[in-house]
Amino acid sequence: MAASGIRGPKQIWNAFKWSMKGLRAGWQHEASFRLEACLAVVLVPLGLWLGNGALEKIALVLPAVLVLSAELLNSAVEAVVDKVSPEFHELAGRAKDMGSAAVFLLLVMVMLSWGLILGPRWL
């Protein structure tokens with residue numbers, strides 16, 4: 001719902017609370033999000049430790065965070081599709097598949113980033 005009136009600290013605080021509520025819902029209801037969050041808990045500190053310089057650190061950490069974001073968006077799309085049309089429809093299936101593909105591409109990006117940055121050091 002769009003906020004009306006003047007925005008300020010209260011609106012920022014409310015936005016933060018809603019975001020935390022969304023993260024909590026993702027954790028409670030989505031097994032894929034939990035798995036990817038556990039992966040991020042390992043990869044983010046490791047990326048910060050192994051990266052040489054700010055750009056490498058960002059290139060190692062950012063894809064893992066993007067995976068979590070995409071997973072939450074994918075879950076949101078799936079929830080809305082299921083709410084609007086519980087029975088199967090080709091477009092509903094396509095929407096869900098495309099959300100899943102977005103998460104998959106970001107997971108590939110994680111592997112590529114880690115491989116391209118750290119691979120030459122270890123080979």
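Q: Why are α2 and α3 called roughly antiparallel to each other in this predicted model?
A: Angles over 145 degrees count as roughly antiparallel. Helix α2 (residues 31–50) and helix α3 (residues 53–84) pack at about 170°, with axes 8 Å apart. The two helices are therefore roughly antiparallel.

Q: What makes up the contact of α2 with α3?
A: From α2, residues including Phe33, Ala37, Ala40 and Val44 meet residues of α3, among them Leu60, Val61, Ala64 and Leu68. By class, the residues of this contact divide into 13 nonpolar, two polar and four charged.

Q: Why does Asn74 count as buried?
A: Buried means under 20% relative accessible area. Asn74, which lies in helix α3, has 5% relative accessibility and therefore counts as buried.

Q: What does Asn74 touch, not counting residues up to four places away in sequence?
A: Asn74 touches Lys96, Gly99, Ser100 and Val103. A polar atom of the Asn74 side chain lies 3.4 Å from the backbone nitrogen of Ser100. The cut-off for a polar contact is 3.5 Å.

Q: With which residues is Val67 in contact, leaving aside neighbours within four places in sequence?
A: Val67 is in contact with Glu36, Val103, Leu106, Leu107 and Val110.

Conventions. Residues are numbered from 1 along each chain as its sequence is written. This is a predicted model: local features need pLDDT of at least 70, side-chain atom pairs count only at pLDDT 80 or more; totals for chains, interfaces and linings use all residues. Side-chain values use heavy atoms; hydrogens and water are left out. Axes are lines fitted to C-alpha atoms, for helices over the stretch in contact, and angles run from 0 to 180 degrees between N-to-C directions. Helices (H or I, at least four residues) and strands (E, at least two) are DSSP runs, numbered from the N terminus. Angles under 35 degrees count as roughly parallel, over 145 as roughly antiparallel, 65 to 115 as roughly perpendicular and the rest as oblique. Contact means heavy atoms within 4.5 Å. Ala, Val, Leu, Ile, Met, Phe, Trp, Tyr, Cys and Pro count as nonpolar, Asp, Glu, Lys and Arg as charged, and the others, Gly among them, as polar. Buried means under 20% relative accessible area, exposed over 50%, partly exposed in between (1.4 Å probe, protein chains only). A polar contact is a pair of N or O atoms within 3.5 Å; within protein, one must be able to donate a hydrogen and the other to accept it, and residues adjacent in sequence count only if both atoms are side-chain atoms.
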